[in-house]
Amino acid sequence: MTVQVSKAPDRRVARTQKLLRDALHSLVRERDYDSIAVKEILDRANVGRSAFYTHFRDKDELLASGIYDILGSVPSSHPKSGDRFNERILWFSLPIFEHHDRHRRAGELRLGPRGRAILHGQLQKVLVELIAEDIRKSLKGRRKAAGPIPLELLGRYVASTFILVLNWWVESRNPLPAKEVNELFRALLVPTLTDL
């Protein structure tokens with residue numbers, strides 16, 4: 001499966017958005033997210049104010065848009081249709097934990113609680129959509145759908161559990177490597193998914 005975010009923007013739009021995301025990302029490495037003004041992002045990216053507001057409502061929306069960059073690097077890990085149900089639903093977890101771990105090791109981002117809440121909230125929203133679609137595809141044609149659990153609820157449960165584990169890992173500054181955190185996440189979910 002390829003993550004389809006939306007119709008691909010033209011090159012100029014994609015370039016402008018990347019410049020803005022890169023500028024915000026570099027600023028967040030230097031100081032706290034809440035202290036960064038849109039003007040500083042514009043100066044760093046060398047992009048005009050009207051171009052910024054053509055693409056983003058505010059810096060929070062710019063920050064949240066980075067989720068699609070993260071997920072854009074994940075699709076190659078998506079399992080085949082013959083794989084177990086658990087693998088078809090939880091395919092995203094290890095690549096995202098590894099992505100986070102790479103950035104953590106390169107130098108901690110100074111998102112702060114508010115910036116992290118924005119980023120993780122958007123990640124959860126996108127994951128709910130992706131997981132719901134994967135669940136629908138995986139259960140298509142099976143006599144037993146998801147039992148008494150509505151598919152939307154199951155998707156939200158998987159996504160919120162992922163965000164819960166990610167937040168625990170970040171907030172506790174736990175030194176566990178990404179693979180071990182992923183194993184913890186799966187240990188929480190596999191019993192539920194196995195019963196479907």
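I looked up Glu87 and found it partly exposed, at 25% relative accessibility (buried is under 20% relative accessible area, exposed over 50%, partly exposed in between, with a 1.4 Å probe and protein chains only). I note that this is a predicted model, in which local features need pLDDT of at least 70, side-chain atom pairs count only at pLDDT 80 or more, and totals for chains, interfaces and linings use all residues. Residues are numbered from 1 along each chain as its sequence is written, and side-chain values use heavy atoms, with hydrogens and water left out.

I found the side chain of Glu87 in a salt bridge with Arg186, at 2.8 Å from N to O (a side-chain nitrogen of Lys or Arg within 4 Å of a carboxyl oxygen of Asp or Glu). This pair links distant parts of the chain, 99 residues apart: Glu87 in helix 5 (residues 85-90) and Arg186 in helix 9 (residues 178-194). Helices are DSSP runs of H or I with at least four residues, numbered from the N terminus. Arg186 counts as buried, at 16%.

I next recorded a salt bridge between Arg114 and Asp34, 2.7 Å from N to O. Arg114 lies in helix 7 (residues 112-139) and Asp34 in the loop between helix 1 and helix 2 (38-45), 80 residues apart. Arg114 is partly exposed at 38%, and Asp34 is partly exposed at 42%.

I then checked Asp22 and Lys18, whose side chains meet in a salt bridge of 2.7 Å, N to O. Both lie in helix 1 (residues 11-30), four residues apart.

My count by this rule is 12 salt bridges.

Key
Helices (H or I, at least four residues) and strands (E, at least two) are DSSP runs, numbered from the N terminus.
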